[in-house]
Amino acid sequence: MTADDYVELELEDEIDEEEDVPDEPPAFANLPDGRALVLRGSEAGRVLPEAVEAARAVEGVRSREDALAGRVPLFLNQSSHKYFGREPEVLAALHADYGENLALGRIVRLNRYSAAIARERLDVPIVSIRIADPMGYTAFGDRLVIEAALPKPRHLERCPYLGELRKTPDHYAEDVLGAQRAAGANLLLTTGRGVGAADVAGAFSEISDEADEMFAHLEDGEHLALNLTLPYEFLQNQAVFDDVMAELSELDQFDVVYVRIQRPAPNDAGAPLADAAALRRMFEFGVWADREDVALLHAQTGLTGWLMLASGAVGFSTGGLPSDQTFVRQTSSGGGGLPPLERHFERSILHTVASATHDALVATGAPYREFPTRWGNDALAATPYDQALSAAHSLYSVGALTAETIPSATRRGGWSAGIHSKVHDAHSAAPSLGLGGRESPTHLGSWISVV
Amino acid sequence: MSEPRLEEASVQEAFGAPAEFLGRGSFGDTWCIDGRAEKILCGDPVDDERFGREVEAIGRLDHPRVVKLHEIRTVRIAGTDYRSMSFEYVAGGDAANALDQGRVVPIDEAEALLAGLLDAVEAMHSVRVLHRDIKPANVILRAGSWTDPVLCDLGLARLADISSITRYPAQVGTVPYMAPEQLAGRRATKGGDLWSVGVVVRQAIAGRHPFFEPGDLISPARFDAGPAALPAGLDQSVRSVLDDLTSVQRHQRGTARSNLRRLAREG
C-alpha cells in the first residue's frame, strides 16, 4: 500500500464510518528521507514508506540548518530518563499544530545511556536537531561546584572519554565525536568541559585547542557547535561575566553555541530563574549572540530559556524533570534542591501549581485562563495525579507557548514583543489568584524588568 | 620624518639599487628599494623563534588590504648581517603623515576607511594572525586615498618590548592605540586589534585622538569618560560600529566579520 493509498483509505474511513471518526483528524508530515509520518489520529507515530501530497501534509520537517537559522524558535526536548515514553507523541503533536512557527530538536545525555538506547531516544523522525550531549563538564566538578564525585563508574563505562578529558590524549576528540555519531546526533558538540571562574582564560585556552582538534576531525556535512558549561559566577559576578564574554568573542569559528549555565544557588529545582541581575546577564549574552549571528541554544533552562528567546537566543531545552530544567549544584543523590512535587504547568501564569490548586483556579474563573491539553486533562483525572502525563502536558504547553508568542513574520531579535506580552499578562493576572509559597509566580516581577 | 639608523649609501650598496627611506619603527627601518618596501630589522633585538612563527603566518596572507610579504632574507650592510623583510610597496603615504598635515577623512569617506580596515583585520584573523600594532603609521593610504587603506607592519609588535612606553605620543606610538585590557597587562587578542581600528578611524575622522591629548599620561581611567564625540552628519551605522569598537567591554566589539556585516546591513 502506498502513502497515497493510505491517505485515501483514511479519508474513506472517515466518510464511511462516521461513528469511528477520531476526535482529531489525521495529520502527516513528510520526512527528509522521502517517507511520511502520521502525526495525529489513531495511527500517530506510524512512518509511511512514501511522502504524502504536499496539500495533505503539514509543514515539512525543517532541515538542520533551517532550524538553526533563527527564523523560528528551536524547541529542544531533553529526553527524560523517567518520563520519556510520551515525548515523541507530544513532539509530533507540536509539529502538527505549530510546525510553521516552531523547529523541534531532541537531546540525550550520553553518560546516561548505552549508544543503542541513546540512538533509539534520538530517533524521533519529526525533529530537525539531534544532540547527543557528551556531558564533558562532569569531568570538571571542581570548576563547577558539582558536589557529587563525577563522573561515576557507570558514566565512565558508557563514556570512556570522560576519564581522559583532563589529559587530552591524541584520540579524545575522535572518541567524543564518535560517541555522538554512534548515537545518531546531527548537531555535534565539543566536549563541554567546564569553565572555572578562577581561571576563565585557562579554560578557554583548552576549549580553543579542543575546537581545533574537533574541527580537524569533522566529516563532510557535519556541523560542530561550541558546547559551553559555565559556572554560577557567570551570572553572579560581573568580572567573571566580562571575562567569559571576552574569551567567547575570541572564539569566532563557531556559529552555534550550546550553553549550560549553572544556577547561582541550589534553589527550587525546576523553578524559573528569578534573580534580576542574573537574568540581565543571561539576556546580554543573547543580545551578543544575535548581533554576532551566533545561534545560541540554552540547555537545561526550561521556561527561563523561553524568556531568553526575547534576548536573541535561538533555542532552549526543557524536559520532564526539574533537573532537565535547571542546571544547579548537584548533590550526591544527583538532583538539586527540593524534591519534585505534584506540579501542573499553568500557561496563564507561567508557573506550576498543585492539581488541587488548578481545580480551584478553574472554579475562580477570570482573570485565570485555562490552557488544557489532553495529557494535562488525563493527568488531572488520574488518582493520584499522574506525573508522566503531567510531564507531557508541560512539554506540549511550553512548546505551544513558544510557538504562539512568536509572530511568524519575525525572526530572532524580533520575538521580544510577544514574550513581553505573555509575561505582562501573567504578571497582571497572578496577584488576584491568591497563590502562595512555591505556587506563587514570584519570578514574574524580575522577568518584567528584563524583557 | 625621523632619521634612519643605517646610512642610505650603505643600504643602496647592499641592495644594489637606489633606496628611499620611508620610516623608522621600533625594531627596524623601512626603505623603498626596487619597487618593494624593505624592512631592515636593525632596531630592537628580535626573538628568533617568535620571528619564525610570525612570518610564517604573515607569509600566507594574500589580501588587497594587507601588504604582501614577498620574502625574508639576510643582507650584509656595513659589515653587519641584518634580516630584511621584503614587502609589497604601496605608494601614497600613511595615515599618520596625512593627519600630521591636517588632512582628516571626509565624513562621506569614513565608512570606506572603516570597512577597509575591518576587511584587512578580518583577513588577518581568519588565518589566526593578530596585528597587535594598528595605528595611523601602519595604515597606508593607497594613492593617498582614505577610501583605499592597506595595513602594514603585520604582527611585528609581538617582537618588540613596549612595556616601558607610557606617554602619548611616544616614539613608537603603540600604547595610545592599545585596548584597555592590554594596558592592564592582558594578552593581545583579536578584540585588541578591533579596538585599535576604532581608535584610528575615530582619530582620522575627528583629527584628534579620541581618548588622549598630547602629553596626557596613558591611564585606563581615561577610558571611563568615553571617546570624544564624533561630528554630526556621520552615518549612523558607522557611528554605531565605532562606538562598539571602542567599548571597554571586549565582547561589545564583536568580530571584524560581524562589524562588516553590520555596516553592510545598516549602511
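Predicted model: local features only at pLDDT ≥ 70, side-chain atom pairs only at ≥ 80, totals over all residues.

Entry 1, the helix. I began with what the buried residues of H15(A) pack against, and found helix H3 (87-98), strand E12 (344-346) and helix H16 (387-404), which belong to chain A. Then I looked up which residues of H15 (374-381) those are: A:Trp375, A:Gly376 and A:Ala379. Looking down the axis of H15(A), I see these buried residues within an arc of 100°, so they line one face of the helix.

Entry 2, the sheet. I moved to chain B and traced an open sheet of 5 strands, in the order E1-E2-E3-E5-E4, with antiparallel pairing. Its edge strands are E1 (19-24) and E4 (69-77) of chain B, each pairing on one side only. On average, neighbouring strands here are turned by 30° against each other, ignoring direction.

I also checked how E4(B) is joined to E5 (80-88) of chain B: they run antiparallel, with 8 bridges between them. As one example, I looked up B:Glu71 and got B:Ser86 in E5(B) as its bridge partner. What packs on this sheet? Helix H1 (8-15) of chain B does, touching E1, E2 (29-33), E3 (36-40), E4 and E5. The direction of H1 makes about 115° with that of E4(B).

I searched the whole structure and got 6 cavities of 30 Å³ or more.

Definitions and conventions:
Residues numbered from 1 in each chain as written. Chains lettered and ligands numbered in written order. Heavy atoms only, no water. Buried < 20%, exposed > 50% of the residue type's maximum accessible area, 1.4 Å probe, protein only. Helix = DSSP H or I, 4+ residues; strand = E, 2+ residues; numbered from the N terminus. Arc of directions from axis to C-beta. Contact = heavy atoms within 4.5 Å. Pairing = 2+ DSSP bridges. Axes fitted to C-alpha atoms, helices over the stretch in contact; angles between N-to-C directions. 1 Å grid on protein atoms, 1.4 Å probe; cavity = no way out; pocket = protein on both sides within 12 Å on 5 of 7 lines; lining within 4 Å. Points joined across faces, edges and corners; volume = space filled by probe spheres on them.
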